[in-house]
Amino acid sequence: MKQSHLFTKTKKESPSDEVSLNAELLIKAGFINKEMAGVYSFLPLGLRVIKKIENIIREEMDAIGGQEMRTSVFQNKEVWEKSNRWDDAVVDNWFKTKLQNGTEIGLSFTNEEAYADILKQYISSYKDLPVYPYDFKNIFRNETRSKSGILRGREFYWKALYSFSKNEEEHNIFYEKAKQAYKNIFTRAGIGHLTYITFASGGTFAKFSHEFQTLTGAGEDTIYIDENKGIAINKEVYTDEVIESLGLDKDTLVEKRAIEVGNIFSLGTKFSEPFDLKYKDENGKDNLVIMGSYGVGLGRLMGTIVEVLSDDKGIIWPESVAPFDLHLLSLGKDEITNKEASKLYEELLSNKVEVLYDDRIDVSAGEKFADSDLIGIPYRVVVSKRSLEEGGFEIKKRTEEKGRIVNKEELLNLLKTNG
RNA sequence: CGGGGUGUAGUAUAUCGGUAGUAUACGUGUUUUGGGAACACGAGGGCCGGGUUCGAUUCCCGGCACCCCGACCA
């Protein structure tokens, strides 16, 4: 992508109506656009990051048997009445609207009912189970107060997987696999070192649910972490009894603020019961399906990465989710420089390196450096009269202070070995 | 939903009951090009409704929007 064709540009000023670091940096750098409180559009750079995150999650879900599909946003009132979650007195953050004929419909705020209703058509035998469908979609919640930039919005993009198992044992095996898959997701997204599996309220059917909490002052949750064991307890279930049952020592637990980037929990028969979601076992006997749910908000994950990985100059994207692999800067109006830079750009593209090429002619070197730091692409390669005189191109990681000169061959090899 | 605050140009801000200023971004031109270059010229602005007033962007009332704290968060 040539930067001269990128329709966004960076801003010098921070937006006056955003306090949170994630929104400030993402808006300044041109990744997102604020539409209203709690509602953001993703611009070309931002969408590239979302897609990278989406692919990581998709790979991890497919690896444990997930099957991607897409449930509708419009929701049927009758379906939700079965589980008693249509009533505003039960769920107060529905967005509801009406068809022209007066029929009430809702906009998805979660997916359990939709999946249970669909699966009822297809699950009738033990041979049909287990199944693990999931989707990525936009979710709508009429929050009384949105806050913290893209960490808590009224419209957000998430992945939700639901497990449908024959019995508790089968469910538990999958649950553990999902737990590991979730660990993989956050490690691959570059925040594994700050993310703790956190024991939280489990509802009716399980003692605990598990949240994946990333340490940051921007978080809304208070958790108590055991650094050695790498686990934590959410404040909502932080009691002596729970601490003891988990084999933890109160004296070693440290209170921290964190943001919930993912959660998994066992639903038991909470939804299969009202939907009468049953299967016949080998003996022809009816059994209720055991469900579990596994969610992660992609926008929130993206915002969390920005919260924990930035410096005073801008964002520092992990390579796995960066909008581009490499930021190529051509400095000066010198013809040879620009020709060399364009040539290198083409070669990088043919080597399947994702490049943002700052080919803007009338932009000063300082401005290009500042933009590059703000946008936060992992590798920066500078082509200039000076670099060419010194034998090639200057490469520098976003995390490094100083770059070094390499020739074209070294550059291409370096990128290959780094994947 | 309770409390507090703020609405001025694409963005960030200043002043003011009587012609709304600056920076940045933008357009044109000249000179610049390794850490947000310089100069000149140009274009662009008072959230909505009502009231007070000769005159309101400013004061008052209502609305709407946004931000913060709290409550809430399937």
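This is a predicted model: local features need pLDDT of at least 70, side-chain atom pairs count only at pLDDT 80 or more; totals for chains, interfaces and linings use all residues.
Residues are numbered from 1 along each chain as its sequence is written, and chains are lettered from A and ligands numbered from 1 in the order in which they are written.

**The whole chain**
- Chain A has eleven helices and 23 strands; these are DSSP runs (helices H or I, at least four residues; strands E, at least two), numbered from the N terminus.
- Along the principal axes, the C-alpha atoms of chain A fill a box of roughly 80 × 60 × 45 Å.
- Of the 419 residues in chain A, 40% are buried (20 or more other C-beta atoms within 10 Å of a residue's own; 12 or fewer is exposed, in between is partly exposed, and C-beta atoms are placed from the backbone).
- Take the contacts in chain A with a separation of 6 or more: residues 24 or more positions apart account for 70% of them (a contact means C-beta atoms, placed from the backbone, within 7 Å).

**Helix α7 and its two partners**
- Helix α1 (residues 21–28) and helix α7 (residues 298–308) have axes that come within 8 Å and cross at roughly 95°, so the two are roughly perpendicular.
- Axes here are lines fitted to C-alpha atoms, for helices over the stretch in contact, and angles run from 0 to 180 degrees between N-to-C directions.
- On the α1 side you'll find L21, N22, L25 and L26, which meet G303, V306 and E307 in α7; by class that gives four nonpolar, two polar and one charged residues.
- For those classes, Ala, Val, Leu, Ile, Met, Phe, Trp, Tyr, Cys and Pro are nonpolar, Asp, Glu, Lys and Arg are charged, and the others, Gly among them, are polar.
- Helix α2 (residues 44–63) also meets α7: the axes come within 10 Å and cross at roughly 110°, so this pair is roughly perpendicular too.
- V49, I50, I53 and E54 of α2 make that contact with L298, L301 and M302 of α7, and the residues divide into six nonpolar, no polar and one charged.

**A closer look at V49**
- V49 sits in helix α2 and counts as buried because it has 25 C-beta neighbours inside 10 Å.
- Leaving out residues up to four places away in sequence, V49 touches F31, M302, V321 and P323.

**An open sheet of three strands**
- The order is β4-β6-β5, with antiparallel pairing (two strands pair if DSSP finds at least two bridges between them).
- β4 (74–76) and β5 (95–98) are the edge strands with a single partner each, so one side of each has no neighbour in the sheet.
- On average, neighbouring strands of this sheet are turned by 40° against each other, direction ignored.
- Four bridges join β5 to β6 (residues 104–107), and K96 stands opposite G106 in β6.

**Helix α4**
- In α4 (residues 112–122), the buried residues are E113, A114, Y115, A116, D117 and L119.
- Their cover includes β4, α3 (77–82), β7 (133–140) and β8 (155–165).

**Strands β19 and β20**
- Four bridges join β19 (residues 326–330) to β20, and the two run parallel, with H327 opposite L356 in β20.
- In β20 (residues 355–358), V355 and Y357 point one way and L356 and D358 the other, and all are buried.

How values were computed:
Angles under 35 degrees count as roughly parallel, over 145 as roughly antiparallel, 65 to 115 as roughly perpendicular and the rest as oblique. Two residues are in contact if their C-beta atoms, placed from the backbone, lie within 7 Å.
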